[in-house]
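The following dialogue takes up some terms used in describing a protein model. Each answer sets a value against a definition.

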Amino acid sequence: METFLIATAGLVALIVSYMLPVKFRFSIALVLSVLQLYIFPVGDFYISMAFAASLSLWPEALKEAKTLFSKKIFTAAIILLLTHIVSILWSPDPRMGLRTIVYILPFFFIACASFSIAKKDSGFVYNTLYATCLLMSIEAVLVIIFRISPTLELSYLSSNLAGLFSGPNVIENLMNGAEANNVFDPDKAGGFFVNGNTASTYLGMGSFTAYMVSKVKKSRILLLTSATLWLAVFFTGSKSGAMLALCLPTIAIVQSKYFQFNSQSKSAILRIFILLLPLIVFSVTQLISLFAVDSTFATNSMDTASTRFEIWNYAASAFFGSPIFGQGFGGWQIGYGAYAASIGIPTSFPPHNTLIYLWSQSGLLAAILGIAFIYYVMRLSYQLIKSKDQDSKLLGTALGLVSGWLFIHGMGENIGLFGEPHQQPLVATLIGLAFASRIKNKL
């Protein structure tokens, strides 16, 4: 009976996808990505309204496949998806593989829908991002409140609301101890997230997106929203998040100034930087050493790094055991669990690195494709930044900052190459918008 109901619901969704306008389906998918709203039980887990709405965009993926899927970003992503499918053959937990594959699909659907709409009406995509960023203010406020009052955060996690916004299975596993996470740490806060580091990435991505849209739409309200989202990053308690919140905007400012110089000046600046690089590295190292002596922040950062190195030590030894095919889906959980138990560290930790997890799940080719995807996204950002069109420059900068935060933070966390369900729609929308901008401005 349950299978029949799921099949019927799927058939209805296919029909509705054709009946409803793409702008409506796209706006629902993007705006609801903030709240998720897990209300659809499928077997023993739930899917969110945001996820269901994103799947309704499949007609746009078919429509734009010929244009977009020939782009190197999507070529790398599609081959990675196929690699995941094949690796199920040697996976200890095929169900984990199927879930991973299914949750990658919204990236393609949302990117294609964003591209399809933006070719004719980019203003609508910007307006939808505007509404999405405003709604993200709820996440920022919750993070700030929960950091100030951990008791209030615990009350939220113990309520029925938490399952609606964070997923019933996630909350159940968190509360019964089946899965460890850092939201119970009084120095962390996640809002809708059960991990402060993941929350910091989402807030940072939202802050940069909001800033870009505020400049395009000339909105002071959204500029204030951008500042609020950025400030909330520091309340998550994520050390790497705090550093990225400071470093990435600085890099963007330096880069924008650099592009204003002529070719000779750029070459001179580059030569001076290379000559001074050893001195800069030495000075920063010394400052960190001095700062670390009495700094709780630095001490905690080193403790976190130490744990990561223990995890990656297992990854290194496991890699030489099966470099080409990896461990398959679920293989990491089996092998790492035994290793962690032998040295007395938590046995439930994932790899805390996007590329390591790609290798573990689907082999060396998956990791190489992950690197290619990162490269092509950042190259697209760079191409837009060099444009003479001001909106394209802003879009390229936003794409570089948003995807850059996701990729960099992913090297020490478990958010995945495309981001988790909140983050993925932002990246996909900006990529679709970026390709539409390239066509319009003939870049």
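Reader: With which residue does Lys23 form a salt bridge, and what makes it one?

Author: The partner of Lys23 is Asp121, and their closest N and O atoms are 2.8 Å apart. A salt bridge is defined as a side-chain nitrogen of Lys or Arg within 4 Å of a carboxyl oxygen of Asp or Glu, so the pair qualifies. This is a predicted model, in which local features need pLDDT of at least 70 and side-chain atom pairs count only at pLDDT 80 or more, while totals for chains, interfaces and linings use all residues. Residues are numbered from 1 along each chain as its sequence is written, and side-chain values use heavy atoms, with hydrogens and water left out.

Reader: Which parts does the pair of Lys23 and Asp121 tie together?

Author: Lys23 belongs to helix α2 (residues 22-32) and Asp121 to helix α7, so the pair links parts that are 98 residues apart in sequence. Helices here are DSSP runs (H or I, at least four residues), numbered from the N terminus.

Reader: Why is Lys23 called partly exposed?

Author: Its relative accessibility is 33%. Buried means under 20% relative accessible area, exposed over 50%, and partly exposed in between (1.4 Å probe, protein chains only). Lys23 is therefore partly exposed, and Asp121, at 28%, is partly exposed as well.

Reader: Are Arg25 and Glu60, whose side chains meet in a salt bridge, buried or exposed?

Author: Arg25 has 6% relative accessibility and so counts as buried. Glu60, at 8%, counts as buried too. The N to O distance of their salt bridge is 2.8 Å. Arg25 lies in helix α2 and Glu60 in helix α4 (residues 58-68), so this pair ties together parts 35 residues apart in sequence.

Reader: How do you know that the buried residues of helix α8 are on the same side?

Author: In helix α8 (residues 150-157), the buried residues are Glu153, Tyr156 and Leu157. They cover an arc of only 95° around the axis, which puts them on the same side of α8. The arc is that of the directions from the helix axis to the C-beta atoms. These buried residues pack against α7, α9 (160-166) and α10 (168-175).

Reader: What makes a set of residues a nonpolar core?

Author: The members are buried Ala, Val, Leu, Ile, Met, Phe, Trp, Tyr and Cys residues joined through side-chain atoms within 4.5 Å. The largest such core has 99 residues, and Phe74, Phe107 and Ile431 are among those that touch the most other members. Helix α7 (residues 105-148) gives the largest share, 19 residues.

Note on methods:
Helix = DSSP H or I, 4+ residues; strand = E, 2+ residues; numbered from the N terminus. Contact = heavy atoms within 4.5 Å.
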